[in-house]
Amino acid sequence: MWALLPVKTPLQSKTRLTSVLLDQECAALSWAMLKDMLAALNGAEVIDTIVLLTKDPDVINYSLQLGLQIVKDESGAGLNASIDSATAELADAGIDELLILPVDLPTVRASDIDELCRRHRGTLTVCPAIRDGGTNALVSAPPNAVASQFGPDSARRFLKAARRKGISAKRMNLRAFERDIDHPDDLVWLLEQQGTNHTSAYLAEIDIADRLLNPPKGAVA
């Protein structure tokens, strides 16, 4: 199975965390989470090839140094249009199964990815986000089985789109994929999780725990 990671320009990522992080810290956090997701995918037994969908030159150069595949996001038409273009390209190249993941799931491990992919049956498997019903993992066979629906409430929309097309789809609630990192309270939650990785090391380096527990007067977390 192949995996597709849509990756934003780090300096434009995680803007909902700017109440507690500087812009440069948001970018550094995005890089740390990217490295953690790549480590998980590289360790997963079921993943043969990793593809990054991005327009950022630094991310492209980093990925090429690691020997990863790149699909350049040149459409400028938004996330879903970019993913649709990428999945069509991969389907045309003969890829029959694809796992699509966001980068900001730093607690996901290789074993979680293996479990999800091995339990996949049929055409679509959707793992919803616990906060807003978004999609934190999607397994699709073929890669472009349905049009991309990513965003809030997208797990429901993916399943609805599959029903309309008469193809098999299921919702899979896996704890490892339930919570992405978008808001300050997600950082509080993340600090409570066990494990050492690039993300936790970076958060410790900038002493985010003290910042979250003792915000400056007037700050809104």
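Two strands are counted as paired here if DSSP finds at least two bridges between them, and with that in mind the tour of this predicted model can start from its sheet. Select the seven strands together: they form an open sheet in the order β3-β2-β1-β4-β6-β5-β7, with mixed pairing. The edge strands, β3 (69-72) and β7 (169-171), each pair on one side only, and from one strand to the next the twist averages 20 degrees.

Next, select helix α5, residues 154-165, which packs on the sheet and touches β5, β6 and β7; the direction of this helix makes about 160 degrees with that of β5.

Now colour strand β6, residues 135-140, which is mostly covered, six of its six residues being buried. Keep Ile100 displayed and bring in strand β1 (residues 2-6), which is joined to β4 by three bridges but runs parallel to β4, with Leu4 standing opposite Ile100.

Return to β6 and select strand β5, residues 124-128, which is antiparallel to β6 and joined to β6 by five bridges; here Thr125 stands opposite Val139 of β6. Finally, follow the chain from β5 into β6, where the two strands form a hairpin with six residues between them, and stop at Gly133 in the turn, whose phi is positive at about 75 degrees.

Technical notes: Residues are numbered from 1 along each chain as its sequence is written. This is a predicted model: local features need pLDDT of at least 70, side-chain atom pairs count only at pLDDT 80 or more; totals for chains, interfaces and linings use all residues. Side-chain values use heavy atoms; hydrogens and water are left out. Buried means under 20% relative accessible area, exposed over 50%, partly exposed in between (1.4 Å probe, protein chains only). Helices (H or I, at least four residues) and strands (E, at least two) are DSSP runs, numbered from the N terminus. Axes are lines fitted to C-alpha atoms, for helices over the stretch in contact, and angles run from 0 to 180 degrees between N-to-C directions. Contact means heavy atoms within 4.5 Å.
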